Amino acid sequence: MDAYSTESDIPYSDAPPVFVAGSGPGAIARAKSTIGAFGLRMSGAIDVSDAAARLLRQGSASAVWLELDESSNCEIVDQLVAQLNADVRGGRYGAIVSAPKEMLDPLSAMLEDAVQLLIAADEAERISALALALASRGTEQRYSDVASDRNAERLRQLSDEVSRIASTLARLSTGPSTAARPMEAPRAADLPEVSAETVRAVIRARRLRSRYFPEDMFADPAWDMLLDLLQAEISQLRVPVSSLCIAAAVPATTALRWLKTLVQQGLFVRRADPHDGRRVFVELAPDTSSALRRYFAEVGPVAVI
C-alpha cells in the first residue's frame with residue numbers, strides 16, 4: 001500500500017520526474033523539499049517497505065531518491081539497495097541515497113560507486129547530488145530560483161570541490177610519461193622505520209590549526225586520510241569507512257567523494273570485514289604505504305603539516 005504516496009498533490013511540470021522512497025513521512029518530506037527546490041516533479045513518493053515492488057513496475061524515472069532515518073528497517077533497506085545497485089548498473093536511472101551518520105558504514109559497504117551516498121548532507125549538497133544523478137542520465141539540469149538564491153555560495157563551493165577532485169584524478173591518471181618515474185617497488189625490509197607517534201604528532205599539529213583559523217581554510221582530506229591510514233597501519237589497526245571520514249576533517253559526503261577517487265586510483269584498498277558483511281575497512285595500497293614512509297624518512301625531523 002502506498003501509505004505516503006503524494007502523486008496527487010504534485011503540480012504538473014515538464015521537468016523530468018524523480019521517484020522518492022523514504023523511511024517515513026519526515027524522510028519523504030525532506031526529499032520532496034530538495035526535489036522541489038531543484039524545480040522537478042515526482043513520479044511517486046512511497047514508504048521504503050513498498051518501494052522495491054513499486055520500482056519493479058515503475059515505468060520510468062530520471063532518478064530515484066532514497067531518504068533514510070536511523071530507524072530504517074535493515075532487511076528492507078538491504079533489499080532496496082541491492083535493487084538500486086542493479087538498476088543503476090543497468091542504466092535505468094540515477095540514484096541518490098541520503099542517510100544519517102549512523103548508517104555510513106553499512107551503506108558504504110553495500111552501495112556500488114555509481115549510486116551517490118549522502119551522509120548528513122546540507123541542502124546544497126543534496127541539490128548538487130541530484131544534478132549529478134540527472135547529468136548521468138543525460139537529463140538537462142535546472143535549478144529553481146529558490147535553490148539558486150538560498151544556496152548559490154555553497155553550490156559554488158561544491159563546484160570548486162568537484163573540480164579539485166577532478167584535477168587530482170587527472171594528475172593521478174597522467175602516468176609516467178608526464179610525471180616523475182616511480183621508483184622500483186622496494187622490499188619490505190628496505191622500508192624506513194616510521195613511528196606511530198611521529199604520524200600522530202603531525203595529525204595533532206594539523207588539528208591544532210582549527211583553534212586559530214577556520215577549519216575549512218586548510219582542508220586537505222586526501223592528505224588527512226593518508227596520514228590516518230599510515231598511523232593505523234603502523235599500529236596494526238583496522239579503519240572502517242566511518243572513522244576515515246572523521247579523520248578527513250570535512251563533511252562526510254565530501255570525504256566519501258575523496259575516498260572513492262583514491263580507491264579508484266589504487267592509492268587505497270577497500271576490504272570487506274570477514275565478520276560483518278555490513279562493514280568495510282580501508283587500508284593503504286602497498287605502493288602508497290612505501291611512498292609515505294620514504295617521504296617521512298626524507299623530511300626527517302622537519303614538521304610535516
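Trp 223, Leu 226, Leu 227, Leu 230, Glu 233 and Ile 234 of helix H8 touch Thr 288, Ser 289, Leu 292, Arg 293, Tyr 295 and Phe 296 of helix H11. By class, this contact of H8 with H11 holds 8 nonpolar, 2 polar and 2 charged residues. The model is predicted, so read every value here as computed from that prediction.

Now look at the geometry of the pair. Two packed helices are described by the angle between their axes and the distance between the axes. H11 spans residues 286-299, and its axis comes within 11 Å of the axis of H8. The two axes cross at roughly 95 degrees. Angles of 65 to 115 degrees count as roughly perpendicular, so H8 and H11 are roughly perpendicular to each other.

H8 also meets helix H7. H7 covers residues 196-208 and H8 covers residues 221-235. Their axes come within 9 Å and cross at roughly 150 degrees. An angle over 145 degrees counts as roughly antiparallel, and H7 and H8 are therefore roughly antiparallel to each other. The crossing of H7 past H8 is left-handed.

Which residues make the contact between H7 and H8? From H7 come Ala 196, Val 199, Arg 200, Val 202, Ile 203, Arg 206 and Arg 207. From H8 come Trp 223, Asp 224, Leu 227, Asp 228, Leu 230, Gln 231, Ile 234 and Ser 235. The contact of H7 with H8 counts 8 nonpolar, 2 polar and 5 charged residues.

Next, the cavity. A search of the whole structure turns up 1 cavity of 30 Å³ or more. The largest cavity contains about 90 Å³ of space. By class, the lining has 5 nonpolar, 1 polar and 6 charged residues.

Ala 249 is not a glycine, yet its phi is positive, near 60 degrees. Ala 249 sits in the loop between helix H9 (241-247) and helix H10 (252-264). Ala 120 also has a positive phi, of about 45 degrees, although it is not a glycine. Ala 120 lies in the loop that runs between strand S5 (116-119) and helix H5 (123-136).

Finally, turn to helix H2 (residues 48-57) and helix H3 (residues 74-89). Their axes are 9 Å apart and pack at an angle of about 25 degrees. Angles under 35 degrees count as roughly parallel, so H2 and H3 are roughly parallel to each other. H2 passes H3 in a crossing that is left-handed. H2 contributes Val 48, Ser 49, Ala 51, Ala 52, Leu 55 and Leu 56 to the contact. H3 contributes Ile 76, Gln 79, Leu 80, Gln 83 and Leu 84. The contact of H2 with H3 has 8 nonpolar, 3 polar and no charged residues.

Definitions and conventions. Residues numbered from 1 in each chain as written. Predicted model: local features only at pLDDT ≥ 70, side-chain atom pairs only at ≥ 80, totals over all residues. Heavy atoms only, no water. Axes fitted to C-alpha atoms, helices over the stretch in contact; angles between N-to-C directions. Helix = DSSP H or I, 4+ residues; strand = E, 2+ residues; numbered from the N terminus. Left-handed = near helix turned anticlockwise from the far one by under 90°. Contact = heavy atoms within 4.5 Å. Nonpolar A, V, L, I, M, F, W, Y, C, P; charged D, E, K, R; others polar. 1 Å grid on protein atoms, 1.4 Å probe; cavity = no way out; pocket = protein on both sides within 12 Å on 5 of 7 lines; lining within 4 Å. Points joined across faces, edges and corners; volume = space filled by probe spheres on them.
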